Amino acid sequence: MISLFKAVRLLAAADVEFVIVGGVAVRSHGSGYLTQDLDICYSRTRSNLEKLAEALRPLNPRPRGFPDELPFIWDWTTLQNGTNFTFKTSLCDIDLLGEVAGIGDYTKVLANSSEMDFDGFKARILSINGLIIAKETAGREKDKAGLQELYALRAAIENGLDQ
Amino acid sequence: MKRTPEEKLLNPRPGSKIAEAAEFGIDLTLLVENLKKSPAQRIKDNDAAINDLVEFEAAVKRARQTTKEKVR
């Protein structure tokens with residue numbers, strides 16, 4: 001069973017410094033978009049890499065598309081040796097992004113995020129504006145409907161944009 | 001007068017971004033329903049829908065396999 005919700009809760013409980021970006025962020029803002037992976041932008045400090053590696057360890061992360069028969073070492077140094085990763089885990093696919101196209105690294109993504117309450121824990125979500133910038137920068141055909149939803153949500157939610 | 005998000009989505013002003021989204025094909029009533037839910041519920045609903053789709057996909061695959069075997 002896929003559970004993006006449990007994955008977010010696990011990261012929040014471990015005090016990992018991260019911002020939810022991508023489909024889960026779009027969905028959190030009220031879109032009807034369905035997604036099966038969790039994309040997060042994470043702080044690349046050593047202490048955060050350690051927390052992130054420990055938090056995800058029970059989910060047995062492995063790179064997606066990596067042959068099952070090959071050994072894979074999971075620890076914070078694995079994360080230190082790259083920036084962007086795509087993992088499959090026992091809860092859901094999780095993508096770790098050191099930076100988001102159109103916005104920048106974790107510090108800039110953090111500045112474009114807000115804290116949301118998830119009925120018992122809090123997590124930071126990339127703002128609607130941030131998501132629009134990221135999707136416009138990516139320029140992917142598959143994002144066109146999602147972008148229209150984000151434009152509509154921004155106009156509906158934010159004051160002074162009823163036009 | 002200031003309009004609520006729901007009012008804006010259900011009665012978009014002509015030429016607005018919301019009207020544009022409706023013309024594009026976005027079902028604005030779904031956005032209204034989603035905005036009534038908490039962020040946690042929005043993610044939990046996503047999880048439930050994805051799990052249902054995965055189950056449905058597996059059932060279709062099984063049905064295709066059974067049909068193939070019967071044809072043989």
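## Helix 7 of chain A against helix 2 of chain B

In this predicted model, helix 7 of chain A and helix 2 of chain B cross in a left-handed manner.

On the chain A side, the contact is made by Q148(A), E149(A), Y151(A), A152(A), A155(A) and A156(A). They meet K17(B), I18(B), A21(B) and F24(B).

## Helix 1 of chain A against helix 4 of chain B

Helix 1 (residues 4-13) of chain A packs with helix 4 (residues 39-71) of chain B at an angle of about 135 degrees, and the axes are 8 Å apart. That angle makes helix 1 of chain A oblique to helix 4 of chain B.

From helix 1 of chain A, L4(A), F5(A) and V8(A) meet A40(B), I43(B), K44(B), N46(B) and D47(B) of helix 4 of chain B. The classes here are five nonpolar, one polar and two charged residues.

## The two sides of helix 3 of chain A

Helix 3 of chain A covers residues 46-56, and its buried residues are L49(A), K51(A), L52(A) and L56(A). Viewed down the helix axis, these buried residues fall within an arc of 165 degrees, so they line one face of the helix. Strand 2 (37-42) and helix 4 (76-80) of chain A are among the elements that cover them.

R46(A) and S47(A), on the other side of helix 3 of chain A, are exposed.

Terms used:
Residues numbered from 1 in each chain as written. Chains lettered and ligands numbered in written order. Predicted model: local features only at pLDDT ≥ 70, side-chain atom pairs only at ≥ 80, totals over all residues. Left-handed = near helix turned anticlockwise from the far one by under 90°. Helix = DSSP H or I, 4+ residues; strand = E, 2+ residues; numbered from the N terminus. Contact = placed C-beta atoms within 7 Å. Buried ≥ 20, exposed ≤ 12 C-beta atoms within 10 Å, placed from the backbone. Arc of directions from axis to C-beta. Axes fitted to C-alpha atoms, helices over the stretch in contact; angles between N-to-C directions. Parallel < 35°, antiparallel > 145°, perpendicular 65-115°, else oblique. Nonpolar A, V, L, I, M, F, W, Y, C, P; charged D, E, K, R; others polar.
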